[in-house]
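Biologist: Please put the model up. I want to know what stands behind each word you use.

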Amino acid sequence: MSPREDAPADRGFLVGVIFFILGLGTLLPWNFFMTASMYFNNRLETSEWSNGTVTTRKEYYFNNWMTLLSQLPLLLFTLLNSILYQWISEKVRIAGSLVFILLLFILTAVLVKIPMEEDRFFSVTMATIWFINSFGAVLQGSLFGLVGLLPQKYSAVFMSGQGLGGTFAALAMIFAIASEADSESAALGYFITPCVGTLITVFSYMLLPKLEFARFYLDRKSVKKQKSYELETSSRLLTTGETINSGDCVPPDAAEDSVRTSDPSNGSVANRNPNTGDNDEEEGVKQAFLTLPSENTSPPQKSSILQVFKKIRVMAFCVTFVFTVTLSVFPAVTVDVKTVYGEKWEPYFIPVVCFLIFNLMDFFGRTVTLLVKWPSKDSRLFPVLVVCRVIFIPLLMVCNVQDRNYMPVLFSSDFMFAAIMVFFSVSSGYFVCLSMTYAPQLVEPIDGETAGALMTFFLGLGLSLGAALSFLLRFLV
């Protein structure tokens, strides 16, 4: 959506800052659970004993199950949100989701201090991941629909906030490791951090309706305001000598009589054709009035979900494919890459090279779209470049992933792994942000929320497909 001329100013870009914080808050659940995989794996690291000797180490495949059970509810509840959002108020969906996410994070923090048998801990953790991502899906879908009602740059700002969410989680994990506190205290501090972040997100959302700029675009009852704006814009195109109020819709006959009885001396009637006796300007004014919408014109109707999908189907494919490629190897494969350097670097290797680099570069890729948007939304090159990202799957699989079953190690160097991660993450953030910001531009403004909700569903579909594919790819390594 382009900015409207009659819109109030976003003073201090405060609405943009709020949507940046809301974007950060939507991905806090996923990123904090993902970067805490070492903590969860340590609690689940156990062996089976037989006759006093160790026989078999029980493998929970936590990273794969975490990825799958976080993306399946994301897909399911994003689909439900895209269908049911018209019947459940936006405030209930957004504020309610944030409150439940906060409560689930508090539960996760409490569990750090509660001893628990491994199987039960695994089950409780998976259930928490399922529910926290269910509410996260409703939150994300609702916010994408909301930001789709604002000018385009706000979508890019929102997506940049999502990118920074992962960086926030990765830095929290690095600080927890560097604190050299015992594992329980470090984990407790780590999970308290998103509780604070979610509280800030709640307060930011509560502030949004108090801002004039936000009310102007987000008020669902502003159809009459939009129509008046369109009438005013249309009236400016009239080149008569009189000033016509866009809110005063003159009947066509009255307008015609007014023009025909105008005094030529005042310039209202000019350029009369000597052959026909017709007044060219008079005809232009008459036609303008005939096409000007009246006050009784009904507001534009929303398109059906299928009609909106047909307009955004290319962008829907792009966002699905980008996340399918990304989640198929990150973090299920990349988290098992081992450093070739000493033990002092090893605890920081995955938090820094895998999570921090990925999230920083993903944030960079999303933020670049505020300045550069290439290819254009109508370019055939755009989906081609998106498909080309599939090359990152084999490249990351031949890094120093341990343990291995079938594929050889071609890139054992930490530097090569880091370099691949940089291009992998920048391209992921860039193409995702372009897809999500282009989609609302392909539909009418009144369908912007529907387009945002549908795109969030396809985003979730890509995440779920990538999570399911990660089992196979990790086995093939």
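Modeller: Start with T437, which touches Q152, S155 and A156, leaving out residues up to four places away in sequence. Contact here means heavy atoms within 4.5 Å. This is a predicted model, where local features need pLDDT of at least 70, side-chain atom pairs count only at pLDDT 80 or more, and totals for chains, interfaces and linings use all residues. Residues are numbered from 1 along each chain as its sequence is written, and side-chain values use heavy atoms, without hydrogens and water.

Biologist: Why is T437 called buried?

Modeller: Buried means under 20% relative accessible area, exposed over 50%, and partly exposed in between (1.4 Å probe, protein chains only). T437 has 2%, so it counts as buried.

Biologist: Where is T437?

Modeller: T437 is in helix α17, residues 414-438. Helices are DSSP runs of H or I with at least four residues, strands are runs of E with at least two, and both are numbered from the N terminus.

Biologist: What makes the pair C433 and T437 a polar contact?

Modeller: A polar contact is a pair of N or O atoms within 3.5 Å; within protein, one must be able to donate a hydrogen and the other to accept it, and residues adjacent in sequence count only if both atoms are side-chain atoms. The backbone oxygen of C433 lies 2.8 Å from a polar atom of the T437 side chain. That distance is within the limit, so the pair qualifies.

Biologist: What does N359 touch?

Modeller: Beyond four places in sequence, N359 touches N31, G163, G166, T167 and A170. N359 sits in helix α14. A polar atom of its side chain lies 2.6 Å from the backbone oxygen of F355. N359 has 3% relative accessibility, so it is buried.

Biologist: N31 belongs to α2. How do you know whether α2 is enclosed or open?

Modeller: Eight of the eight residues of α2 are buried, so the rest of the structure largely encloses this helix. Among them are L28, N31, F32, M34 and T35.

Biologist: What makes α2 roughly antiparallel to α6?

Modeller: Helix α2 (residues 28-35) and helix α6 (residues 118-147) pack at about 155°, with axes 9 Å apart. Axes are lines fitted to C-alpha atoms, for helices over the stretch in contact, and angles run from 0 to 180 degrees between N-to-C directions. Under 35 degrees is roughly parallel, over 145 roughly antiparallel, 65 to 115 roughly perpendicular, and the rest oblique. The angle is over 145, so α2 is roughly antiparallel to α6.

Biologist: Which residues make that contact?

Modeller: P29, W30 and F33 come from α2; T128, I129, I132 and N133 come from α6. Five are nonpolar, two polar and none charged. Ala, Val, Leu, Ile, Met, Phe, Trp, Tyr, Cys and Pro count as nonpolar, Asp, Glu, Lys and Arg as charged, and the others, Gly among them, as polar.

Biologist: Is F13 buried, exposed or partly exposed, and what makes it so?

Modeller: F13 has a relative accessible area of 30%, so it is partly exposed. F13 lies in the segment before α1 (14-26). Its phi is positive, about 50°, although it is not a glycine.

Biologist: How confident is the predictor?

Modeller: pLDDT is its confidence in each residue, from 0 to 100. The chain averages 78, and 78% of the residues score at least 70. Over residues 221-235 the pLDDT is below 50. It also stays under 50 over residues 237-278.
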